[in-house]
Amino acid sequence: MRIAAISDIHVRPDGSDEPLVAEIRERVEEIAPDIFVIAGDISDHSKVLSETLRSLHIEDIPCLYVAGNHDIWFEEKAGLSSLRKYSHLVGEICNRNGFIHLPDQSYIDGKLAFVGSIGWSDYTFRRPELEIPEERYEEKEYQGAVWYDVFNIDWEFTDREATNLFNRKLVYDLSILPDEVTRVVYVSHHLPFKELTLYKDRLPWDFFSAYMGSTKTGEILLSDERVILSISGHSHVRNRIEKEHLTAISVPLGYGRPQDNDFTGLVRQAVAEIVIDNRDVRIPDFVEGDICRGLPYVR
Ligand SMILES: [Fe+2]
Ligand SMILES: [Fe+2]
């Protein structure tokens, strides 16, 4: 089984990323996967999310999506709250464009299952030695640096409540898989393992690292021997770790765009090719690190 995976495309709303999206599609077709996975953060605009998924849909194979935090940023003019986007709209958009939104429905192919979640952060990735008070994380502001979800996620849950909710849902989704499922691929936007996060020993970077994920999600994955692979996004620094019975990777593209608009090199690095053979997971030519480093930043 061959999987093509990418996350964090962050498509610009002005149409200027159309060639980038076309290039991603071409690369996925070249890999010719059995399954195509996108781990969130296509756009804060549901219209752009919809158009992009339509462009990226590959005929005849399952195309799987999980929402990222940006995909559920509320849209005031359209009257769309984060909760409405997460619980209904992203799933509807996926269905309309030939994608399965994994948090709504796991995808099962014989003995192999794909289970998905947006994941969330409960500050378990924070660096305790920084001694930043809990309230700073809750307020998402420290010494003038702001984590933008504070302005754009309008649900009433605290981050701890949201993380707890999504983790409980993950436990449930794993518990109801059919008996014949012996291997599970977990797809999430936020990271399940601290070791996937890059710390830089400087602020505000290491303050923001607290928002990358939850160690409790990782504990759930490690407690289920069926899980052989975890694919995530959110952190824009790509990483790969091996942990007990599973391989965990993050597959973001990010906010960089080459000045000459030649996306070929960037896209080749961004789309991960993963080969699963029984419990064996191979990721040939996987590119780690920040693939947008040195490129003009578009946001
Ligand atoms: Fe992102
Ligand atoms: Fe994100």
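Helix axes are here lines fitted to C-alpha atoms over the stretch in contact, and the angles between them run from 0 to 180 degrees between N-to-C directions. On that basis, the axes of α6 and α8 come within 10 Å and cross at roughly 10°. This is a predicted model, in which local features need pLDDT of at least 70 and side-chain atom pairs count only at pLDDT 80 or more, while totals for chains, interfaces and linings use all residues. Residues are numbered from 1 along each chain as its sequence is written, and chains are lettered from A and ligands numbered from 1 in the order in which they are written.

**Helices α6 and α8**

- Because angles under 35 degrees count as roughly parallel, over 145 as roughly antiparallel, 65 to 115 as roughly perpendicular and the rest as oblique, α6 is roughly parallel to α8.
- Thr163, Asn167, Leu170 and Val171 of α6 make the contact with Lys216, Thr217 and Ile220 of α8, where contact requires C-beta atoms, placed from the backbone, to lie within 7 Å.
- Helices (H or I, at least four residues) and strands (E, at least two) are DSSP runs, numbered from the N terminus; in helix α8 (residues 215-222) the buried residues are Thr217, Gly218 and Leu221.
- The buried residues of α8 pack against α6 (159-175), β9 (183-188), β10 (227-232) and β12.

- A residue is buried if 20 or more other C-beta atoms lie within 10 Å of its own, exposed if 12 or fewer, and partly exposed in between, with C-beta atoms placed from the backbone.
- Ile249, in strand β12 (residues 246-250), is buried, with 22 other C-beta atoms within 10 Å.
- Not counting residues up to four places away in sequence, Ile249 touches Ile231, Asn239, Arg240, Ala272, Ile283 and Phe286.

**Backbone features**

- Asp8, in the loop between β1 (2-6) and α1 (18-31), has a phi near 55°, a positive value in a residue other than glycine, and counts as buried with 26 C-beta neighbours inside 10 Å.
- Ala32, in the loop between α1 and β2 (35-38), likewise has a positive phi, near 50°, but is exposed, with 11 other C-beta atoms within 10 Å.
- A cis peptide bond, with omega about 0°, joins Leu203 and Pro204, and Pro204 lies in the loop between β9 and α7 (205-208).

Technical notes:
Contact = placed C-beta atoms within 7 Å.
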